[in-house]
Amino acid sequence: MNEIIRIIMERRAIRHYKAEQIKDEELKQIIEAGLWAPSAGGRQATKFLICQNSEINEKISRINRSFMPSPNKVNDHNVNEKQISIAEDATIQNAFYGAPTVITVFAADQFKYPINDASVAAENMMLAAWSLGIGSAYIGRVEETFKTEEEKNLMENNGIDSTYTARVCVCLGYPDGEIGKGKTRKEDRIYFIKD
Ligand SMILES: Cc1cc2nc3c(=O)[nH]c(=O)nc-3n(C[C@H](O)[C@H](O)[C@H](O)COP(=O)(O)O)c2cc1C
């Protein structure tokens with residue numbers, strides 16, 4: 001198996017992070033991978049807000065958490081038994097799982113495909129991270145999270161104006177503890193059309 005395919009298959013959503021910050025050189029490579037993601041029309045209409053301030057990340061994560069009010073599968077271990085998510089465990093308050101770096105990807109509202117643009121950038125960064133031994137998690141409910149007055153100010157004070165909408169947060173950090181296994185992939189998802 002080639003290296004890229006191995007990384008794609010071995011990457012897991014990580015929800016336990018070491019407190020230690022990732023290295024600047026690693027972060028730089030991860031951001032570069034995001035910048036080199038495909039973009040609709042080649043417009044590069046995404047912006048990246050990298051937050052390594054633990055207080056701010058904690059605050060945003062709790063707002064994000066509030067948009068998933070009641071975990072629906074407590075102790076069901078539906079995702080990965082070693083990487084339990086907030087959807088399964090009501091006691092996890094930090095929706096970023098304490099990751100020391102969180103990258104929010106914003107996309108320009110004026111163009112089509114903002115979610116697609118942000119998502120491919122996120123995936124590029126998550127795969128680059130894994131290739132460097134860094135764990136990541138794709139976080140949803142981000143549009144709502146950044147619509148609060150304080151978060152809008154945070155964006156604008158950091159150079160991202162209100163013509164952009166936050167689409168995804170990517171948590172990053174060194175994995176702590178066991179990674180666990182991904183769920184077996186369903187087999188009824190592939191259909192061929194051949195001559
Ligand atoms: C659109 C989307 C939204 C997601 N939102 C969250 C989230 O809010 N919190 C979380 O812990 N994981 C989230 N995930 C990660 C998934 O739970 C995870 O990718 C899935 O369970 C498969 O596990 P794996 O990534 O380890 O293969 C999200 C993934 C996607 C693609």
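A residue counts as near a molecule when one of its heavy atoms lies within 4 Å of it. By that rule, the ligand here is surrounded by Arg 11, Arg 12, Ala 13, Arg 15, Val 79, Ser 85, Tyr 97, Tyr 138, Ile 139, Gly 140, Arg 141 and Arg 185. The model is predicted: local features need pLDDT of at least 70, side-chain atom pairs count only at pLDDT 80 or more, and totals for chains, interfaces and linings use all residues. Numbering runs from 1 along each chain as its sequence is written, and side-chain values use heavy atoms, without hydrogens or water.

Take the polar contacts next (pairs of N or O atoms within 3.5 Å). The side chain of Tyr 97 places an N or O atom 2.6 Å from a ligand oxygen. For Arg 11 the distance to a ligand oxygen is 3.0 Å. For Arg 185 it is 3.2 Å. On its own the ligand has 620 Å² of accessible area (Shrake-Rupley, 1.4 Å probe). The protein covers 66% of that area.

Arg 185 also belongs to a surface patch. It sits in the segment after β4 (164-173), where strands are DSSP E runs of at least two residues. Lys 183, Arg 185, Lys 186 and Arg 189 gather there as positive charge. Such a patch joins like charges within 9 Å, from residues with over 30% relative accessible area and no salt bridge.

Salt bridges (a Lys or Arg side-chain nitrogen within 4 Å of an Asp or Glu carboxyl oxygen) number eight in the whole structure. Glu 10 pairs with Arg 6, with closest N and O atoms 2.6 Å apart. Both lie in helix α1 (residues 3-10), four residues apart, about one turn of the helix.

How values were computed. Patches are made of residues with over 30% relative accessible area and no salt bridge: like charges are joined within 9 Å, nonpolar side chains (Val, Leu, Ile, Met, Phe, Trp, Tyr) within 5 Å. Lys and Arg count as positive and Asp and Glu as negative; His and the chain ends are not counted. The place of a charge is taken as NZ of Lys, CZ of Arg, CG of Asp or CD of Glu. A polar contact is a pair of N or O atoms within 3.5 Å; within protein, one must be able to donate a hydrogen and the other to accept it, and residues adjacent in sequence count only if both atoms are side-chain atoms.
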